[in-house]
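Here are my notes on the model you sent over. Have it open while you go through the points.

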Amino acid sequence: MKKRNETAPDYRMKDMTGQRFGHLTVLYPTEKRDRDQSVIWHCRCDCGNEVELSRGDLQRKNYIS
């Protein structure tokens, strides 16, 4: 049985690529993390603007494109 490295956080990200949240389409995960260590996703609005948001912000619709 492998011994888990206790110093490394266990990041398990759900792939949200292609999902839509209102007018935003999730394109890809970035290397960035928010203060809770959640993945920041690069998204494109239907109007063409691109933004980077966490999963929580997308789900709560806490954004302006």
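**Notes on the fold and its core**

1. Buried residues account for 26% of the 65 residues in the protein chain; buried means under 20% relative accessible area, exposed over 50% and partly exposed in between, with a 1.4 Å probe and protein chains only. Keep in mind that this is a predicted model, where local features need pLDDT of at least 70, side-chain atom pairs count only at pLDDT 80 or more, and totals for chains, interfaces and linings use all residues. Residues are numbered from 1 along each chain as its sequence is written, and side-chain values use heavy atoms, leaving out hydrogens and water.

2. The chain has 1 helix and 4 strands, in the order β-β-β-β-α from the N terminus. These are DSSP runs numbered from the N terminus: helices are H or I with at least four residues, strands are E with at least two.

3. The largest nonpolar core holds 11 residues, among them Phe21, Trp41 and Leu58. Such a core is a set of buried Ala, Val, Leu, Ile, Met, Phe, Trp, Tyr and Cys residues joined through side-chain atoms within 4.5 Å. Strands β2 (24–33), β3 (39–45) and β4 each give two or more residues to this core, and β3 supplies the largest share, 4 residues.

4. Take a look at Phe21: leaving out residues up to four places away in sequence, Phe21 contacts (heavy atoms within 4.5 Å) Met16, Val26, Leu58, Gln59 and Tyr63.

5. Ser54 sits in strand β4 (residues 50–54). Ser54 counts as buried because its relative accessibility is 4%. Beyond its neighbours within four places in sequence, Ser54 is in contact with Asp34, Val39, Ile40 and Trp41.
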